[in-house]
Amino acid sequence: MGDVYLDHMTRLPSEVQRLNDQFEVMTEIMGYIVHPSITLPPAPRIVDMGTGTATFLLRIHPTYPDASLEGYDISTALYPPPSSLSANISLGELDLKLPFPEHMHGKYDLVHVRMLILAMLPEEWEPVVRNLTTLLKPGGYLQWEECEHVHATWVQGAPDSRVEKAKYIGDLFQNSLRGRLAHGWNTLPDHMRAAGLTSVTSDVFDSERAPQIRKRSTVTIVNLVFTWAHMVNSKTPSGSMFNDDLNNLRREVLEEVESGTYLRYNVHVACGRKAPL
């Protein structure tokens with residue numbers, strides 16, 4: 001089906017830190033890594049699809065030291081070195097939009113997915129959820145988290161905060177990618193029910209739930225937006241869609257963040273269970 005993520009983003013080594021920061025910020029806003037409603041056996045089989053830098057597996061390993069932990073992505077470019085992984089963590093290359101090998105069907109107690117919105121076309125969400133459910137054991141869980149970037153708002157956190165440059169680049173990001181950003185986070189619970197999952201839950205967390213990381217959360221999104229902006233510039237034949245030099249614009253946006261400006265957005269978590277036998 002092709003790697004549509006690369007239409008707007010990159011997998012350069014510099015992305016490792018951004019993606020790891022994004023994971024930690026979302027986790028702090030949510031307050032958990034594995035949904036509290038999920039009960040796993042002592043030695044569960046867990047797979048992280050679209051694993052990226054494998055941060056999810058590395059973070060849950062101490063909690064489930066006896067688990068079998070697998071991660072797959074369409075690209076291995078951002079994987080940590082195999083020598084840095086515990087013996088029970090394995091990484092491979094798979095496209096979650098294609099049918100999985102038969103030997104993976106019905107194998108996992110937990111299938112986890114996080115932040116694939118820029119890798120998904122609007123019509124792909126439902127078939128991908130159906131595809132992922134084939135991996136579940138009876139009684140197994142599917143958990144998927146996404147950010148609601150399309151309705152994110154810039155807030156002047158202090159009377160003298162400035163927001164003009166942040167809003168300028170933020171609006172460009174939202175409007176240019178609206179076709180992708182407007183989908184998925186709001187339909188995942190329905191797709192899970194349509195795929196036959198039960199006990200479907202949907203959590204929505206305001207980023208203001210963790211005001212102590214406002215600045216860090218905002219800088220993480222700023223880094224996402226400018227990764228996209230640099231990719232747009234590199235692919236624009238006429239040179240640039242931006243009137244400003246991107247490095248100067250990023251510096252001005254970060255100065256606005258230092259003045260108290262921050263981004264407010266929602267994090268969505270959908271979780272469903274395959275019926276036990």
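Predicted model: local features only at pLDDT ≥ 70, side-chain atom pairs only at ≥ 80, totals over all residues.
Student: How many residues does helix α8 have, and what should they span?

Tutor: Count 1.5 Å a residue. Helix α8 runs over residues 246-258, 13 residues, so it should span 18 Å. Its end C-alpha atoms are 18 Å apart, which agrees.

Student: Which residues of α8 are buried?

Tutor: Buried means under 20% relative accessible area. In α8 that holds for Leu246, Leu249, Val253, Glu256 and Val257. They cover an arc of only 105 degrees around the axis, so they sit on the same side of α8. The face turned away from that buried side carries exposed Asn247 and Glu258.

Student: What do the buried residues of α8 pack against?

Tutor: Their partners are α4 (164-176), α7 (214-235) and β8 (261-264).

Student: What happens at the start of α8?

Tutor: A side-chain oxygen of Asp245 comes to within 3.2 Å of the backbone nitrogen of Asn247.

Student: How many salt bridges does a search of the whole structure find?

Tutor: It finds 19. One of them joins Asp73 and Arg11, with the closest N and O atoms 4.0 Å apart. Asp73 is in strand β2 and Arg11 in the segment before α1, so the pair ties together parts 62 residues apart in sequence. Asp73 counts as buried at 9% relative accessibility, and Arg11 at 17%. Asp3, Arg11 and Asp73 are linked in a network of salt bridges.

Student: How far apart in helix α3 are Arg130 and Glu126?

Tutor: Four residues, which means about one helical turn. Their salt bridge has its closest N and O atoms 3.6 Å apart.

Conventions: Residues numbered from 1 in each chain as written. Heavy atoms only, no water. Helix = DSSP H or I, 4+ residues; strand = E, 2+ residues; numbered from the N terminus. Expected span 1.5 Å × (residues − 1). Buried < 20%, exposed > 50% of the residue type's maximum accessible area, 1.4 Å probe, protein only. Arc of directions from axis to C-beta. Contact = heavy atoms within 4.5 Å. Polar contact = N/O pair within 3.5 Å; in protein donor to acceptor, adjacent residues only side chain to side chain. Salt bridge = Lys/Arg side-chain N within 4 Å of Asp/Glu carboxyl O.
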